[in-house]
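Work through the exercises below with the sequence and the model at hand. Each task is followed by a solution in steps.

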Amino acid sequence: MFDIDRWQEIYHVLSKNKLRTALTAFGVFWGMFMLVVLMGSGNGLRNGVMGDFGSFATNSFFVWGQTSSMPYKGFQKGRYVAFDNDDTEALKRGLTGAAVVAPKCQLGGYRSTNFVTRKNFSGSSFGISGDVPEIIKISPKKIVQGRWLNQKDLDDKRKVAVIGSRVKEVLFEKDENPIGEYINISGIYFMVIGVHDLEFTSGHNDSELESILTPLTTFQQAFNWGDRVGWYSVMGKPDVAVADLEQEARVILKKRHNVHPDDHRAIGGWNASEEFGKISGLFIAIQVLVWVVGIGTLLAGVIGVSNIMLVVVKERTKEIGIRKAIGATPFSIVSQIILEALILTGMAGYLGLSAGVGVLELVNSSIEGSAGMFTNPEIDLSAALICLIIIVISGGLAGVIPAQKAAGVDPIVALRSE
Amino acid sequence: MIKLSNINKHYSTGSHQLHVLKDINLEIGSGELVSIMGSSGSGKSTLLNILGILDEYDSGEYSLDNTLIKNLSEQKAAKYRNEFIGFIFQSFHLLGYKNAMENVALPLYYKGVSRKKRNKLALEYLDKVGLKEWAEHMPSQLSGGQQQRVSIARALITHPKLILADEPTGALDSVTSQSVMNLFREVNKLGITVIIVTHEKDISDLTDRQILLKDGAILEKEDVDV
């Protein structure tokens with residue numbers, strides 16, 4: 001079936017009228033190009049926005065203490081609500097729908113940075129936190145060197161730390177092994193036991209890379225936090241509504257800290273799933289739009305191919321007649337026409353795909369590093385494969401009607417002497 | 001070799017029905033050189049198409065080499081055409097983008113013969129019609145007579161039992177016509193049945209037997225006429 005005569009013929013047919021072939025191919029090319037660029041842009045926009053979430057578990061929420069806004073049980077309003085280790089136990093007991101309850105402290109408070117030194121190196125933009133090992137389930141990290149915190153570190157209040165890759169860059173020589181070395185945090189020495197990095201390289205979570213994580217118990221003792229806890233990260237079990245879980249947590253905490261049940265200001269919270277749901281809904285809509293527009297454009301191109309193939313069959317009626325007269329089977333004629341349509345759409349579509357990917361790469365490299373709303377515009381392999389499959393199927397379909405017409409050519413009529 | 005009994009063929013054009021062939025009875029033996037004569041509209045092209053399995057007939061029976069040719073599938077018709085019959089047309093009908101050799105080799109392509117083998121055979125047949133030196137030429141670079149020789153070579157390459165020629169000299173001058181007819185004679189001497197449709201008396205005179213068609217019926221004057 002795929003012998004040289006066939007290719008010779010296809011080449012002949014497609015090159016006979018180059019302008020027409022080029023214009024027809026352009027229809028498919030443009031359809032594919034648009035589909036890829038639209039899809040890539042949609043993904044870029046999504047990556048940019050979703051990058052703010054990092055690889056954060058989206059079925060989770062935070063709660064932290066604020067100042068009360070209503071007097072209750074003899075307490076004045078304006079009282080600061082501070083969590084402690086007992087709250088941790090209460091939450092773990094009370095929240096049956098929670099998979100992970102992770103208390104966290106940060107030196108200086110949320111998003112504060114501190115001064116850390118080691119030998120002649122120093123850096124001041126690092127976030128120091130006290131953590132429990134389970135936090136890694138909510139906020140995934142890749143351990144690139146050494147190990148992650150474990151329960152024994154907490155039980156023994158070991159002065160150990162897992163540092164972000166950026167921290168390592170600042171405090172260590174390029175080829176230096178940080179494991180087992182000591183760093184000085186506010187005058188207290190911690191031994192580095194591991195280096196963590198982002199799980200995915202998307203997004204722009206610099207603060208994540210500049211974090212230094214220590215065992216919660218060590219942190220509380222070393223920095224004189226007593227049994228205080230900064231805030232909680234809670235991840236729900238699968239199928240648990242995170243919004244409900246957050247309400248439950250608030251109720252438990254309000255009760256323990258004598259906060260009026262209707263006082264919504266006393267405890268702050270941020271619900272990842274709610275935010276995430278809103279945004280991902282938006283992007284699903286964008287995605288649908290992209291596919292509808294892209295496929296529509298592609299379809300227009302494919303119909304163009306089908307049209308031209310009809311013209312080609314018309315032009316070649318005589319030749320098809322000759323072939324039939326000397327013994328061509330209907331199958332060989334049908335397959336020839338379908339193959340031609342397939343080649344035309346296939347090549348044009350492939351070029352469109354390549355050009356689209358090329359443009360995305362170009363945009364990608366020109367905005368590299370500038371963390372904004374638009375990050376990594378790209379299409380994934382599966383989407384590209386789907387595009388290719390669409391090209392092949394549509395190319396075949398484009399050939400069907402012309403091929404049927406060709407198979408129906410009557411040699412007698414075709415060869416009647418002019 | 002060929003046996004037609006009571007062949008009828010109608011064409012319907014709108015509301016009219018045209019009775020093109022009327023009770024055709026004809027026998028042509030193996031190795032004959034026959035011409036079918038008739039003016040335009042006499043039904044000779046239709047008869048040729050039926051003989052060439054390019055068209056179907058309405059009633060009667062047609063057997064070719066003891067095979068009944070009736071209600072064949074497209075697939076089967078294509079196979080018989082390829083195996084039994086070689087076609088030669090008035091306007092040669094060579095494929096313009098293939099050279100002489102490739103044109104001659106084309107029927108073997110549909111028979112599934114390898115490219116190398118069929119091109120070798122094609123060269124042999126081009127040699128037989130005296131065009132070996134022209135093998136690489138495109139049809140547009142050949143004269144009418146040469147093109148017709150190429151198409152004869154193409155018709156012969158599958159070892160057909162029957163050569164059907166539709167006005168083979170219609171587009172050629174008289175000298176070239178003569179040499180093409182000589183070629184047909186040589187082919188005939190190989191034992192292949194040759195049927196030539198023509199309206200030229202000079203041409204039909206060069207055949208062994210003339211069949212005259214008029215208004216869709218055969219006038220039995222084959223031997224009378226000469």
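A contact means heavy atoms within 4.5 Å. This is a predicted model, in which local features need pLDDT of at least 70 and side-chain atom pairs count only at pLDDT 80 or more, while totals for chains, interfaces and linings use all residues. Residues are numbered from 1 along each chain as its sequence is written, chains are lettered from A and ligands numbered from 1 in the order in which they are written, and side-chain values use heavy atoms, with hydrogens and water left out.

**Exercise 1.** Describe chain A as a whole.

Solution. 
- Step 1: Chain A contains 14 helices and 13 strands. Both are DSSP runs numbered from the N terminus: helices are H or I with at least four residues, strands are E with at least two.
- Step 2: Of the contacts in chain A with a separation of 6 or more, 80% join residues 24 or more positions apart.
- Step 3: Chain A has 418 residues, and 49% of them are buried. Buried means under 20% relative accessible area, exposed over 50%, and partly exposed in between (1.4 Å probe, protein chains only).

**Exercise 2.** Which parts of chain A does the pair A:Arg20 and A:Glu315 link?

Solution. 
- Step 1: A salt bridge is a side-chain nitrogen of Lys or Arg within 4 Å of a carboxyl oxygen of Asp or Glu. The closest N and O atoms of A:Arg20 and A:Glu315 are 3.1 Å apart, and the two form a salt bridge.
- Step 2: A:Arg20 sits in helix 2 (residues 18-50) and A:Glu315 in helix 10 (residues 272-315), so distant parts of the chain, 295 residues apart, are linked.
- Step 3: A:Arg20 has 17% relative accessibility and therefore counts as buried; A:Glu315, at 44%, counts as partly exposed.

**Exercise 3.** Is B:Glu102 buried or exposed?

Solution. 
- Step 1: B:Glu102 forms a salt bridge with B:Arg115, with 3.6 Å between the closest N and O atoms.
- Step 2: B:Glu102 belongs to helix 3 (residues 100-111) of chain B and B:Arg115 to helix 4 (residues 115-128), 13 residues apart.
- Step 3: The relative accessible area of B:Glu102 is 10%, so B:Glu102 is buried. B:Arg115 is partly exposed at 28%.

**Exercise 4.** How many salt bridges does the structure hold over all chains?

Solution. 
- Step 1: The count over all chains is 27.
- Step 2: In chain A, salt bridges link A:Glu9, A:Arg316, A:Glu319, A:Arg323 and A:Glu340 in a network.
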